[in-house]
Amino acid sequence: MKISVWVAGQRDKEAQRSLINTLFNDPKLRDANISLQPAPQTSDTMGPDFEVIQLIVDSGFQLATLALAFLAWRQDREQAGQLVVELDGTMRTVSDDDLRDLSSALRALSGQPDPRKSRCVLIGVTDYPHLGDLPAVGQSCLDLASTLADPDIWGVPWDQCHLVLNPRTPRELLDSVRDAAATAEDTLIVYFAGHGLRASGGDDLHLCLSGASQQMVGKEPAGKLADTVPWRDLRRILHGSRAMRRVVILDCCYSGLALSESDPSASLLEAVKAEGIYTLTSATKDSLAVSPRTERHTAFTGKLIHVLRAPEEHSEFLALDEVYHRVRNALVPHLPEPQRAGPAHIGSLPFFRTPPNLAHAEEGTGRGPDVDTAPPQNGSAERKSFTGSRRRLLLGGGGLLLSASIVAAAAVMWPDSGPIGSCSANATLLDYSDELDKLVFEGATVGGLSAIAMTGKTEAVALMDNEPGGLLHLSLGDEEDLDVKIRKMTPLLHSDGSPFADEEIDGEGLVLRPDSVLVSSEVGPAILVFDMPTGKQTASLPVPPLFRAQSKGGEAGRETIESLAATPKRDFVYAGMEAPLSRDGAYQGGNLLRILRYSSTAGNSYKPDAQYAYKADIGLSLTEIVALDSGKLLTLERGHVKGVGNTIRIFQTALTKRWDISWNGSLRNEPEEVFAEKTLLVDLGNCPAADAPAPQRQYNALLDNVEGMALGPMLPDRHRVLYLVSDDNLSSAQTTRIYKLDIRLP
């Protein structure tokens, strides 16, 4: 491949000489066969004294190497000017704005679609009373959105990635696409996963909402089925989009109909525009799509995510056509054959980057798991292999159109049963206990455990947020075995000794001091101080007006101060918001949250002195904090999707003074670098299920509504014991569960 580079303009000879020196002195370009060639004699490019830098590279050359060299050149100059780069006859201009970071420079060099000017809409329907629920669809939407937003893959901003789960009406679905179509300038991606129906006559595809049923087919005129969205209606919106590129991904039965379905009412202009839509489907027009109940994702979307995150053949960029072929090769002949159609200029365009650290793709980075990764092994035990039947749910219902089910034999690799097993490179599940679940102690049913704090190596206090609220003093067994027992219970009382009435307190966060305890309450919100021996309230900490409930003039909704943590020296206390303030907003791609810091005062109390910006992963809320030191935290994020289950992720998080945000600003106006830096330590869904019972649907039965977290004793090699506790809300569909993990803090 031949690459020519020069500085645009006629007179900036110094910039050209600087660029020549940078490229010639870059050790990574020593094998690029760099030479200087005469400049083209055109007045609109450069003067005759200029020389063009020419590189001759082999097919394995990475554009990232050249992009890094351009960034190094830009850093040495106050004003860079524009670069002109010619790659095998294709001319591209790299502006000064493109040279602000590696991703932008690579996009300019490769012609990759600009995610900043793009929009994504991901629609998933999981609940189908008449056709059969699709539990894997919700997680498929979440993890595909996370993949598209990953800057190492594409990097569409979260607030431009709209997630629509279980839309109630056709209008709700279509309006979400219509809004994105109106604002997308570069690329519009629309994804749908759910049941698909074929209307009477067999040529019209309908995307099903929750109320759809196969009995509707043949009873309603084509295109007027209740609780469905005809593909042609969606296609008309795509026709009207101003986006240069339109991409549709359909994961449903009979989705191949979208490639051949014609609209007799469409004008010639609309027909021409339809050719500009690049479409990927999970099945042919006559076949069914598959969603295994035992898997995290649907069959098609699972392979799609895997190809984008960990392609078997490494290349710097993936075009949509390459993505299609790799997904198809992974599915055929055992699963339905995906289809594609669309213009070649979209299918061949370098679209996605391949992640730089493929070796760590399955360890989890907050971007969803590798769907082909076998469940974790339990320590030294070998995996067991067996052959059995796996029920597959079809994304198209039953009845006249669809077969009822497919039973397929498959060789499946599972870990030995038992609690111990690796969850990630940084965490191992040691044990779990359900001993407290619905236990009656001193006449009260134990439940609603929303926080936990350690009082010794194997002793802890847990906070009950149900009525009556109180503190449970727990023994957690010994350092080897988790054996949870209640030693005593201390009720939380008003200062006069009277109990709190219902809705007077909703305890969520817990900080222990030598003779007192701080409890954060969503009611108010408030941070209350209680005497440890008696449980009576003695004081409260001031809550800034901005953080108060909207009914009291603040900007907090129902989900307010959820988490509370103190530094080891107790000189600082951090209080985390579960949901955004109204001025900050709950973007579809992730809540923009605030962490409030209190500093100690001379009177053995605390006052608010700073706040920090925190962005939660898509669909998740901040539910717990552990303070490792000033500005260094562990943060726990939790979410739930009906029909899919819980997501629990734990991050190591860094705050610094330069990220301190003003009291009157809005997080919507803050740049990315303002937000806390997060490193994923463990996604609890990647732990072994350990034979855990699950009263409600979970993609991993180990999961539940985890809200509390506390660090236990030190272990060798910078490891710590980490205890987690789940809040059952005194519901039969949830479990009070204590988890014990071995976690490594990098």
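This is a predicted model: local features need pLDDT of at least 70, side-chain atom pairs count only at pLDDT 80 or more; totals for chains, interfaces and linings use all residues.
Buried means under 20% relative accessible area, exposed means over 50%, and partly exposed is anything in between.

**Entry 1**

I started with aspartate 233. At 28% relative accessibility, aspartate 233 falls in the partly exposed class. Its partner is arginine 236, and the two side chains form a salt bridge, 3.1 Å from N to O. Arginine 236 is partly exposed too, at 34% relative accessible area. I then checked where they sit: both are in helix H6 (residues 231-239), 3 residues apart, which is about one turn of the helix.

**Entry 1: a pair across the chain**

Next I looked up aspartate 434 and arginine 737, whose side chains meet in a salt bridge of 2.7 Å, N to O. This pair links distant parts of the chain, 303 residues apart. Aspartate 434 is in the loop between strand S21 (427-433) and strand S22 (440-441), and arginine 737 is in the loop between strand S42 (719-726) and strand S43 (738-744). Is arginine 737 buried or exposed? I got a relative accessible area of 0%, so arginine 737 is buried. Aspartate 434 comes out at 22%, which makes it partly exposed.

**Entry 2: strand to strand**

Lysine 678 and glutamate 637 form a salt bridge as well, at 2.8 Å from N to O. Lysine 678 belongs to strand S40 (residues 677-683) and glutamate 637 to strand S38 (residues 632-641), so this pair ties together parts 41 residues apart in sequence. Glutamate 637 is buried at 0% relative accessibility, while lysine 678 is partly exposed at 23%.

I followed these two further and found a network of salt bridges: Asp143, Arg296, Asp617, Glu637, Arg649, Lys678 and Asp683 are linked in it. For the whole model I noted 29 salt bridges.

Among the lining residues are Leu144, Leu148, Ile189, Val247, Phe351 and Phe352. By class, the lining has 12 nonpolar residues, with no polar and no charged ones. Several elements each give at least two residues to this lining: helix H4 (135-149), strand S12 (245-251), helix H9 (299-309), helix H10 (320-331) and strand S17 (350-353).

Notes: Residues are numbered from 1 along each chain as its sequence is written. Side-chain values use heavy atoms; hydrogens and water are left out. A salt bridge is a side-chain nitrogen of Lys or Arg within 4 Å of a carboxyl oxygen of Asp or Glu. Helices (H or I, at least four residues) and strands (E, at least two) are DSSP runs, numbered from the N terminus. Buried means under 20% relative accessible area, exposed over 50%, partly exposed in between (1.4 Å probe, protein chains only). On a 1 Å grid over the protein atoms alone, a cavity is a set of points where a 1.4 Å probe fits but cannot get out, and a pocket is an open set with protein on both sides within 12 Å along at least five of seven lines; lining residues have an atom within 4 Å of a point. Ala, Val, Leu, Ile, Met, Phe, Trp, Tyr, Cys and Pro count as nonpolar, Asp, Glu, Lys and Arg as charged, and the others, Gly among them, as polar.
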